[in-house]
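This briefing is meant for a reader new to the structure. Please look over the sequence and the 3D view before going on.

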Amino acid sequence: MRFIIQGGRTLEGNIRLAGAKNAATKMMVASLLTGEPCVLENFPEIGDTKITEELCGSLGSKIEKNNNILKISTPELKTSKVTSLSRRNRIPILALGPLLARMGEAEVPILGGDKIGPRPVDIHLASLTAMGAKVEVLADRYVGFAKNGLRGAKIALRYPSVGATENTILAAVLAKGRTIIQNAAIEPEILDLVKFLQKMGALIEFGANRVIYIDGVEHLRGANHEIMPDRNEAVSFACLAIATDGRILVKGAQQENLSTFLNTIRRIGGEYEVKKNGIEFYRAGKLYPANIETDTYPGFMTDWQQPTAVLLTQANGSSNIHETVYEDRFGYAADLNLMGADIKAQTKCLGELPCRFIGGDHCHSAIINGPTELEAAKISVRDLRSGIAHVIAALIARGESSINGVEELDRGYEKLDERLKALGANISRV
Ligand code: EPU
């Protein structure tokens, strides 16, 4: 599927955020920890939740959906093996913990997801091993056993990985005894998952300095939860408003989860008003260059640099982006350059944050020289967030762009074309 986009229109109006992709999928996996029904409100209808529905369904979950409300219940896990879904996304690895906890064994396929670096899972596996599981890595799958159940452990993560923190929490809530996770990720989506688990009966506390304490309980019950609004959608729509010199009220956008972005956007020359029901974004005047470094929460998120980079192609001067979370997230620079941008990806660290990629050959920094006029182009989406950069670039470019591989965008953005049309975009899906 393709998007055909005619650039040059100013986007204006209101847009409501969908539920957060990176919270919804984890909560669906968390629901496997109980035999009782769970209800998730503000549930996003996107590709990644569909894949997770398939995963839970294959394990025995019964699922009903109505008006962005998901009811999911798994009275009995009918198998400990996830056999399909190989390389489709990164959720199956998170099923290891719940399956080991409830069945003492688990099998999940090798992961897929965005091609933004090697994306190993050693930290996930190290945590589960510390909790008493044995996990074998085979060519096409991970096979785990915990015949005597999982037990709490003191675990220091080598890096505050979002997925590994979630996996450890999901395994620890039903383990025997206390688990202490040091150097844990503390992204808002993790907090939202923890809120859901707490409603299910789990005992989880956040200490200072990225420490999470979990006391295992005997069993968990069903719970209702309203999924937090998607802050990555919020940033995408904010950049869209400023790039097209429009004015968009992003309904549901939460200041507390976006503060680093809000500061950056103001430095660049964007403006915003925090309202009761969301945040309204617009341009203050001309756009200025910026130096941005991505980081774990509460830093500038790695999923925000792509839409922000499009803004920087329109800024007056030279900007840097230093990506410290993923090795390979500047593939989209070549696509924007094809449209007339001037972005040079670099292996050097262009920033001051400690970076695991220093001295390596990963192009993990970029220099963006602006302003550059963008021309329409034919582009293929590489991954979800570079795809949104393509869409924003096409919306400000001169002429008609064709963006191939829209399925990738559908993984994370709910009905993107329909919602952008309502803001005045000239976009169609073919
Ligand atoms: N890492 C390891 N070993 C591990 C796990 C991670 O080396 O065992 C490395 C990764 O290779 C990467 C870094 O740690 O360089 C960060 O990875 P992390 O595990 O934190 O990310 P993730 O859980 O795979 C989630 C989101 C990403 C988001 C990151 C960072 C989901 C499904 N995905 O990925 O979102 O960028 O956290 O916040 O929650 C997206 O939504 O498009 C997306 C890519």
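Which residues are linked in a network of salt bridges? They are Lys-21, Asp-48, Glu-408 and Arg-411. The model is predicted, and it holds 26 salt bridges. The points below take up some of these bridges, then a sheet, a pair of helices and a strand with its partners.

**Salt bridges**

- Asp-122 and Arg-158 form a salt bridge through their side chains, with N and O 2.8 Å apart. Asp-122 belongs to helix H4 (residues 122-130), while Arg-158 sits in the loop between strand S9 (154-156) and helix H5 (162-172), so this bridge ties together parts that are 36 residues apart in sequence.
- Glu-375 is bridged to Arg-398, and their closest N and O atoms are 2.5 Å apart. Glu-375 lies in the loop between strand S20 (365-370) and strand S21 (378-380), and Arg-398 in the loop between helix H11 (384-396) and strand S22 (400-404), so the pair connects parts 23 residues apart in sequence.
- Glu-375 counts as partly exposed, with a relative accessibility of 34%.
- Another salt bridge joins the side chains of Lys-344 and Asp-342, at 3.0 Å from N to O. Lys-344 is partly exposed at 41%, and Asp-342 is partly exposed at 27%.

- Four strands make up an open sheet in the order S21-S22-S1-S23, and their pairing is mixed. S21 and strand S23 (426-429) are the edge strands, each pairing on one side only.
- On average, neighbouring strands of this sheet are turned by 20 degrees against each other, direction ignored.
- S21 and S22 are parallel and pair over 3 bridges. Ile-379 stands opposite Ile-403 of S22.
- Helix H11 packs on this sheet and touches strand S1 (2-6), S21 and S22. The direction of H11 makes about 30 degrees with that of S1.

**Helices H1 and H5**

- Two packed helices are described by the angle between their axes and the distance between the axes.
- For helix H1 (residues 21-30) and H5, the angle is about 25 degrees and the axes are 11 Å apart. H1 is therefore roughly parallel to H5, as angles under 35 degrees are counted that way.
- The crossing of H1 and H5 is right-handed. On the H1 side the contact is made by Asn-22, Lys-26, Val-29 and Ala-30, and on the H5 side by Val-162, Glu-166 and Leu-170.

**Strand S16 and its partners**

- Is strand S16 (residues 278-283) largely enclosed or open? Of its 6 residues, 5 are buried, so S16 is largely enclosed by the rest of the structure.
- Strand S14 (residues 247-251) runs antiparallel to S16 and is joined to S16 by 5 bridges. Leu-249 has Glu-280 of S16 as its bridge partner.
- Strand S15 (residues 270-275) is also antiparallel to S16, and the two pair over 6 bridges. Val-274 has Ile-279 of S16 as its bridge partner.
- S15 and S16 form a hairpin, with 2 residues between the strands.

Methods. Residues are numbered from 1 along each chain as its sequence is written. This is a predicted model: local features need pLDDT of at least 70, side-chain atom pairs count only at pLDDT 80 or more; totals for chains, interfaces and linings use all residues. Side-chain values use heavy atoms; hydrogens and water are left out. A salt bridge is a side-chain nitrogen of Lys or Arg within 4 Å of a carboxyl oxygen of Asp or Glu. Buried means under 20% relative accessible area, exposed over 50%, partly exposed in between (1.4 Å probe, protein chains only). Two strands pair if DSSP finds at least two bridges between them. Axes are lines fitted to C-alpha atoms, for helices over the stretch in contact, and angles run from 0 to 180 degrees between N-to-C directions. Contact means heavy atoms within 4.5 Å. Angles under 35 degrees count as roughly parallel, over 145 as roughly antiparallel, 65 to 115 as roughly perpendicular and the rest as oblique. A crossing is left-handed if the near helix is turned anticlockwise from the far one by less than a right angle, and right-handed if clockwise.
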